[in-house]
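Here is a report on side-chain pairing in a predicted model. It covers charge pairs, disulfides and aromatic rings, in that order.

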Amino acid sequence: MSGPLYRGATGIRISGNSNDLWDSQMKDKTEKEDLDRNRSSDQSYLALRFPFRVFFPDNNSPSKYGNGESGFASDPFIVGSPRSRHKLTLLLLKLSLALIVILALVGSFWWTISISTMSRGQIVHNYRRLREQLVSDLWDIGELSLGSSRLQEFEFCSEESENYAPCFNVSENLALGYSDGSENTRLCGQSSRQSCLVFPPVNYRIPPRWPTGRDIIWVANVKITAQEVLSSGSLTKRMMMLDEEQISFRSVSPMFDGVEDYSHQIAEMIGLRNESNFVQAGVRTILDIGCGYGSFGAHLFSKQLITMCIANYEPSGSQVQLTLERGLPAMIGSFNSNQLPYPSLSFDMLHCARCGIDWDLKDGYFLIEADRVLKPGGYFVWTSPLTNARNKENQKRWNFVQDFAENLCWEMLSQQDETVVWKKTSKRSCYSSRKPGAVPATCNKGHDVESPYYRPLQGCIAGTHSRRWIPIQEKTTWPSRSHLNKTELAIYGLHPEDFSEDAENWKTTVTNYWSVLSPIIFSDHPKRPGEEDPSPPYNMFRNVLDMNAHFGGFNAALLEAGKSVWVMNVVPTSGPNYLPLILDRGFVGVLHDWCEPFPTYPRSYDLVHAEGLLTLQTHQQRRCTMLDLFTEIDRVLRPEGWIIIRDTAPLVESARMLTTRLKWDARVIEIESNSDDRLLICQKPFFKRQGVSS
């Protein structure tokens, strides 16, 4: 980025531009006398044209004080040793700094006065551009100042990193004394940042297009063995078939009597005819805890329901990794010592089928957390052998869960076999009508927050003070839920005009994205041998990561355009928290600090989108660099996956310079409607380990 780099260095080179006005080799005495006679007028001219000469005189120029024995010009102020000259230099440097400060103050004063005569909006706009340009320049200079070694392409990581998710080191946590589930706690530090590119497994293959990829995945793409498949639970084994190259999930077969019958049973226990009526009952988003391999969510997707899978980090046989490979929402998360990274009142239903959570432990804190993220009138579904306990110890545990659920103001709707369904109260008055001293108590406003990032589990019932306390049965059903009305928008402090304008802008943006991407995709990626023509809408993406989701407008526009995608809407912790708005619209998302690795495995997403994220990050105190951010994008992106970055021209240009180090194919595209913004379209190549020496 030559422009900004040279711009920062101009003031240093000015003083050497007038050497030719005085030649130290002039010997003609007459010319020297003429020079002396004209010196006063010349100096006044040079003082205006080259002001830095006052503080940094040209040592190559002749001086009226003559030359010293060493050949250097004599000091006009203190004739003597080099030590004296050093003192003078320091004095001149101090004077230079003082002059710079004075000029800065004068400039600031002038800028302040100009407010009265200039448009405030134009001032803010120009100031923002200057600040972003300055940050961009500093990033460029910082990278270059570290030497040519920092400009080289990244090396590839070792084979151990193929399926490793940073910040989840169970053995290290055990060594630190964590136990009883807290060994799964997410801990991020400097060591969690990777300075290498993660290779795909040796026999990795591009996943089949959706919906084929929902039911068939390549064995080589995930870290699971045949033994791990066979040792899975009985329900899971009936849902999977393993051969030499692929795993088939048979849940879509009409002959299969597992997940379809199970979801039908849950619907009947709620009082519905079948699972197709979940939407009419106010259910749209489901948190599936310990989801197995995502088959429950895969089946419900056809019913317009979206299920977010969360499970602990697993070195192999990962539930989250296999679920993402199938093109279904999933992220690493667990009930341990911290709250989940979702605000209160986030999901319409929580589902736990033999999920491995001991709900009776930690004085019921796990149940309190489940209640926190469940919307009023929502459902908690639990399938466990404990519900049919026979021995006294298990009966005691089961009785604790029942009593605690009642204190949470949950109503048990039904119990069949091992499955129990509770409904959370839709009335705040239920909590005040409990017995005096009932545990748990309700949180006060100070403890009831919407940003639970790294926040310890709470022992009180949250969300009761929220303006978002609206029973799911009173909300408009999907897909109308995504279009919030004036009253609902007022909860988040938004005007309908702003929300509508954002929605229209994203519709246009998605259309532009596809007009740009379609020729690239179909020219660079012809149909592979043996593949059928893709069914409408002909898009190549399934898993989409929106790194700065704002109001969820990108998600909404993709669905309205008929794209068969799901979007992980990420709200950065460094910006405004619109995650409650996104979740209330019927989408899924999470809070995240982008100076840390995202809680997922490598190769999770087909498309990564970031609009305005670089600007947002530059406005915060920088704990990480743009390069740190890009290496994380590379980790979570699948081979042949795409990146779309939209931001200001200086930041996009800085980003483009980094793409060569990451081996991405990149191109910058101008946006006609906004000359200040640029698009950076990148693709991650498919590198195979056999072709690279380690």
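Asp215 and Arg214 meet in a salt bridge, with N to O at 3.2 Å. Both residues are buried. The model is predicted, and it holds 21 salt bridges.

Asp677 and Arg646 form another of these charge pairs, at 3.8 Å from N to O. Asp677 belongs to strand 17 (residues 677-683) and Arg646 to strand 15 (residues 637-648), so the bridge ties together parts that are 31 residues apart in sequence. Asp677 and Arg646 are both buried.

Glu653 and Arg656 also pair, and their closest N and O atoms are 2.5 Å apart. The two residues are 3 apart in helix 23 (residues 649-659), so about one helical turn separates them. Glu653 is partly exposed, at 23% relative accessible area. Arg656 is partly exposed too, at 30%.

Some bridges share partners. Lys375, Glu450, Arg468 and Asp584 are joined in this way into one network.

What is the nearest side chain of opposite charge to Glu314, and how far away is it? It is Lys223, at 12 Å. A salt bridge needs a nitrogen and a carboxyl oxygen within 4 Å. Glu314 has no salt bridge, yet it is buried. Glu314 is placed in the loop between strand 5 (306-311) and helix 13 (319-325). Apart from neighbours within four places in sequence, its contacts are Gln319 and Tyr601.

**Disulfides**

A disulfide is a covalent bond between the sulfur atoms of two cysteines. A search of the whole structure gives 7 of them.

| Pair | S to S | Torsion about S-S | Hand |
|---|---|---|---|
| Cys157 and Cys196 | 2.0 Å | 100 degrees | right-handed |
| Cys291 and Cys309 | 1.9 Å | about -55 degrees | left-handed |
| Cys595 and Cys624 | 2.1 Å | -65 degrees | left-handed |

Take the right-handed link of Cys157 and Cys196, with 100 degrees about the S-S bond. It links distant parts of the chain, 39 residues apart. Cys157 is in the loop between helix 6 and helix 7, and Cys196 is in the loop between helix 7 and helix 8 (212-215). Cys157 is buried, with 4% relative accessible area. Cys196 counts as partly exposed, at 21%.

Next come Cys291 and Cys309, whose sulfur atoms are 1.9 Å apart. The torsion about their S-S bond is about -55 degrees, so this disulfide is left-handed. Cys291 sits in the loop between strand 4 (285-289) and helix 12 (295-301), while Cys309 is in strand 5, 18 residues apart. Cys291 is buried at 9% relative accessibility. Cys309 is buried at 2%.

Cys595 and Cys624 are joined with a torsion of -65 degrees, a left-handed link. Cys595 is in the loop between strand 13 (588-592) and strand 14 (605-611). Cys624 is in the loop between helix 21 (613-618) and helix 22 (626-636). The pair is 29 residues apart and links distant parts of the chain. Cys595 is buried, with a relative accessible area of 14%. Cys624 counts as buried, at 10%.

**Aromatic rings**

The count of aromatic pairs is 30. Phe168 and Tyr313 form a stacked one, 6.1 Å centre to centre with 20 degrees between the planes. Phe168 lies in the loop between helix 6 (120-145) and helix 7 (170-175), and Tyr313 in the loop between strand 5 and helix 13, so the pair ties together parts that are 145 residues apart in sequence. Both Phe168 and Tyr313 are buried.

Is the pair of Trp382 and Trp398 stacked or tilted? It is tilted, with 6.0 Å between centres and 50 degrees between planes. Trp382 is in strand 8 (residues 374-383) and Trp398 in helix 15 (residues 392-407), so the pair ties together parts that are 16 residues apart in sequence. Trp382 and Trp398 are both buried.

These two tryptophans also belong to a cluster linked by ring pairs. Its members are Phe335, Trp359, Phe366, Phe380, Trp382, Trp398, Trp410 and Trp422.

The charged end of Arg284 is over the ring of Trp478, 3.6 Å from its centre. Arg326 lies over the face of Phe249, at 3.8 Å from the ring centre.

Methods: Residues numbered from 1 in each chain as written. Predicted model: local features only at pLDDT ≥ 70, side-chain atom pairs only at ≥ 80, totals over all residues. Heavy atoms only, no water. Helix = DSSP H or I, 4+ residues; strand = E, 2+ residues; numbered from the N terminus. Buried < 20%, exposed > 50% of the residue type's maximum accessible area, 1.4 Å probe, protein only. Lys, Arg positive; Asp, Glu negative; His and termini not counted. Contact = heavy atoms within 4.5 Å. Phe/Tyr/Trp six-rings, centres within 6.5 Å; stacked < 30°, edge-to-face > 60°. Lys NZ or Arg CZ within 6 Å of the ring centre and 35° of its normal. Disulfide = S-S within 2.5 Å.
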